[in-house]
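Subject: Handing over a structure

Dear colleague,

I am passing a structure on to you, and would ask you to keep it open while you read the notes that follow.

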Amino acid sequence: LYLLIGQLVGVAEMGDIFKGAIWEWVLVTALLSQMPQFAQAVAMLGSVSAPLPMGPVVGVQFANAFTGLVGGTAGNATLVIRFFQQRGLAPAVAVSSGLLNSAAGFITEAILVLIGVALGAATMASSSSSSSSSSSGGGVPDWALALGAAVGIVLILAIAVPKFRARIRNVVESQLKAAVANIRGILATPLKAVQLFGGQLVSQVLFAMVLGAALHAYGESLPLMQLIVINSFASFIGGAMPVPGGMGVVETGLIAGFTAAGIPQAEATPAT
């Protein structure tokens, strides 16, 4: 938080920011900000065919708030996969369910952004998209080249050495069958699809309501659909950037979205 505050407004100015807040709305913001985790827990229940208890799943979502800040999307995925393994699911089932949950969130955010743009709720989407894509850089990072070389060596060994090939086939076949059975079980149950995508959708709406309450704390407001688009777009960009938790990227996206929607910079920054 210290790093994030310093990146956005400066630590010395933090006290001045809170002086101007309407504290009733600060309280509403604090209470609302706990709600999306419950919707995300429902989505997580929909990502696996096996029944899971709601309480521990909610606990994982609150834990994600920390691991996501430290380790980003990869940290959250690792935590969820490990939780599934602790509940007795096969590694491939855990991985497929964790990836399915992440993919559902990614798809939901993308669809909400497209709907909002189509309805004319976010006129800043095209300019923000062009600026973010132009700053991403065109070169391939060194770590990506090293990773590709390592994967290539492993594949060559797996194909060329009979012992490795037989062992990998035995492991992969069993895990692949388990993963396919898990996904089939989810697809064959309409309730799971409703939980998966409905939970992700409700969480995005709740996050937008949190932003709306934060704006009210500084005497500003925006329509709910516009808040949904701004939040989804900022989350979408933050998840794509190689920054732990999208820290700084998401906040910059929110401030840009607010100001493009007509909120003055002096209110957009403290609300964020």
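Ile 115 counts as partly exposed because its relative accessibility is 39%, where buried means under 20% relative accessible area, exposed means over 50%, and partly exposed is what lies in between, with a 1.4 Å probe and protein chains only as cover. Before going further, please note that this is a predicted model, in which local features need pLDDT of at least 70 and side-chain atom pairs count only at pLDDT 80 or more, while totals for chains, interfaces and linings use all residues. Residues are numbered from 1 along each chain as its sequence is written, and side-chain values use heavy atoms, with hydrogens and water left out.

Ile 115 lies in helix 6, where helices are DSSP runs of H or I with at least four residues, strands are runs of E with at least two, and both are numbered from the N terminus. Together with Ile 107, Ile 111, Leu 119 and Phe 197, Ile 115 forms a nonpolar patch on the surface, and the accessible area of these residues together is about 450 Å². Such a patch is made of residues with over 30% relative accessible area and no salt bridge, with nonpolar side chains (Val, Leu, Ile, Met, Phe, Trp, Tyr) joined within 5 Å and, for charged patches, like charges joined within 9 Å. A salt bridge here is a side-chain nitrogen of Lys or Arg within 4 Å of a carboxyl oxygen of Asp or Glu, and the areas come from the Shrake-Rupley method with a 1.4 Å probe. Helix 6, which covers residues 91-118, gives the largest share of the patch, namely three residues. An α-helix has 3.6 residues a turn, so residues three or four places apart point the same way. Phe 106 is also placed in helix 6, and Phe 106 counts as partly exposed because its relative accessibility is 44%. Although Phe 106 and Ser 235 are 129 residues apart in sequence, their C-alpha atoms are 8.9 Å apart in space.

As for the chain as a whole, it has 13 helices and zero strands. Of its 272 residues, 36% count as buried, and the chain exposes about 14,700 Å², of which carbon and sulfur atoms supply 71%. Among the contacts with a separation of 6 or more, 70% are between residues 24 or more positions apart, a contact being heavy atoms within 4.5 Å.

The aromatic pairs come next, and there are two of them, under a rule by which rings of Phe, Tyr and Trp (its six-membered ring) pair if their centres lie within 6.5 Å, planes under 30 degrees apart counting as stacked, over 60 as edge-to-face and the rest as tilted. Phe 38 and Phe 62 form an edge-to-face pair, with 6.0 Å from centre to centre and 80° between the planes. This pair links distant parts of the chain, since Phe 38 is in helix 4 (residues 36-45) and Phe 62 in helix 5 (residues 54-86), 24 residues apart. Phe 38 is partly exposed at a relative accessible area of 37%, and Phe 62 is partly exposed at 33%. The rings of Phe 83 and Phe 84 have centres 6.1 Å apart and planes at 50°, so that pair is tilted. Phe 83 counts as buried at 13% relative accessibility, and Phe 84 counts as buried at 0%. Returning to helix 4, eight of its 10 residues are buried, including Pro 36, Gln 37 and Leu 45.

The largest nonpolar core has 21 residues, of which Leu 215, Tyr 218, Leu 222, Leu 227, Leu 254, Phe 258 and Ile 263 touch the most other members; a nonpolar core is a set of buried Ala, Val, Leu, Ile, Met, Phe, Trp, Tyr and Cys residues joined through side-chain atoms within 4.5 Å. Helix 10 (190-216), helix 11 (224-240), helix 12 (249-260) and helix 13 (265-271) are the elements that give two or more residues to this core. A second, separate core of 15 residues includes Val 48, Leu 52, Val 57 and Val 60.

Leaving aside neighbours within four places in sequence, Tyr 218 is in contact with residues including Phe 18, Glu 267 and Ala 271. Phe 18 lies in helix 2 (residues 14-19) and counts as partly exposed at 36% relative accessibility.

With best wishes
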